[in-house]
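I opened the model today and kept short notes on what I looked up. The entries follow in the order I made them.

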Amino acid sequence: MQLYNKLSAEERAELIDNAGKSRLTLSFYQYAKIGNPQIFRDHLFLTWDPMEVLGRIYVAHEGINGQLSLPADRFNEFKSHLDTIDFLKDIRLNVAVEQDNKSFLKLKVKVRNKIVADGLNDDTFDVRNKGVHVDAGKFNELIEDENTVLVDMRNHYESEIGHFKNAVTPDVDTFRESLDIIEDDLKAHKEDKNLVMYCTGGIRCEKASAYFKHKGFKNVFQLEGGIIEYTRQVKEDQLENKFLGQNFVFDERRAERISDDVIANCHQCGAPFDVHTNCANEACHLLFIQCDNCKTEMDSCCSTACKEIHALPFEEQKELRKGQGNSNDIFKKGRADHLPYKKDLRNIFDVLKTQKEA
């Protein structure tokens, strides 16, 4: 049995081109008790691989979290399979705002300890006691309420290129970091403020809302389906769009444009720009924002040092990388002293101060 992807990204891209079919990019998640994640993982791979499903799917004892793409003409077949699984029957599928046939180039179904790295001990609180789910219309009403603190539960590099109007955007590298920051900054307002949260597709808020209710917050709300579902509802119901810029996504597209606003800047020259790139030096691979002019001048690198390494013959670059490993200093996202125009993000104290002055 073939239980793992055997094609390279380049081979898969060629197959997609030759197939000439439109593909759909979508995501979903579900918290559920899975007795044997490995058996479930293998079942999914064996079923989805023949359907030409590609993507990144995490399975754990606590549930499933998937971002994937598949041929549009196999969507009903895929949905029918999900409906055969009790806890996935009639699950909401978040269809991407912008489609790209090559958003994913491999099928990776992985067993993890958690479907989101939240660092929480779920035995210490009731993960089922979640906040109130709200749709786009109610969300728009709530975030205009002077008693609301709107919090972006994503990481700094996500919120930098796009976020909701008046949102708190914690300057954090991980979801886990934001939980303690939010609790500490809002500890005096557990009863008199609405804590309204959002993320990309809803999964981070699902756990965070239960955690904050456990910590004593009385009025906890979360955007149902995240930014992706919000955008769909705004278009379908002709609501006012309160999201500014782009929605960061974890696939080859990197982002979906939600509004024409460009709220970020090139990290190298400061020009208005909101498209991420990875440093072309494979030993660095830093994710950062780089405008077209800087991309040309710097050969898609984040620094002069990386540019010099990138200019070396490939074999010399490989020699330099030997023994380096993937340490914590590699694959960082927008964190480097040589990037002078990294934006300072809004913190909760700034928001509360603004509300008092108003």
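Entry 1. I count two strands as paired if DSSP finds at least two bridges between them. Helices (H or I, at least four residues) and strands (E, at least two) are DSSP runs, numbered from the N terminus. This is a predicted model, in which local features need pLDDT of at least 70 and side-chain atom pairs count only at pLDDT 80 or more, while totals for chains, interfaces and linings use all residues. Residues are numbered from 1 along each chain as its sequence is written, and side-chain values use heavy atoms, with hydrogens and water left out.

Entry 2. I looked up β2 (54-60). Five bridges join β2 to β5, and these two strands run parallel. Across this pair, isoleucine 57 stands opposite valine 109 in β5. With β3, strand β2 pairs in the antiparallel sense over seven bridges. β2 and β3 form a hairpin, with two residues between them. Alanine 60 has glycine 63 in β3 as its bridge partner. Six of the seven residues of β2 are buried (under 20% relative accessible area; exposed is over 50%, partly exposed in between; 1.4 Å probe, protein chains only).

Entry 3. In what order do the strands of the sheet lie? I read β4-β1-β3-β2-β5, an open sheet of five strands with mixed pairing. Its edge strands are β4 (94-95) and β5 (107-111), each pairing on one side only. β1 (residues 23-31) pairs with β4 in the antiparallel sense over two bridges. Serine 27 has asparagine 94 in β4 as its bridge partner. Helix α7 (residues 203-214) packs on the sheet and touches β1 and β3 (63-71), where contact means heavy atoms within 4.5 Å.

Entry 4. I then looked for nonpolar cores, meaning sets of buried Ala, Val, Leu, Ile, Met, Phe, Trp, Tyr and Cys residues joined through side-chain atoms within 4.5 Å. The largest has 27 residues, and Phe28, Trp48, Leu68 and Phe78 have the most contacts inside it. α2 (37-48) is one of the elements that give two or more residues to this core, and α2 gives the most, with four. Not counting residues up to four places away in sequence, phenylalanine 28 touches several residues, including Trp48, Leu68 and Phe78. Another core, of 25 residues, lies apart from the largest one, with Met153, Leu195, Ile203 and Ala210 among its members.

Entry 5. Last, I checked pLDDT, the predictor's confidence in each residue, from 0 to 100. The mean for the protein is 91, and 92% of its residues reach 70 or more. Over residues 327-331 the pLDDT is below 50, and this stretch has six contacts in the model beyond near neighbours in sequence.

How values were computed:
Axes are lines fitted to C-alpha atoms, for helices over the stretch in contact, and angles run from 0 to 180 degrees between N-to-C directions.
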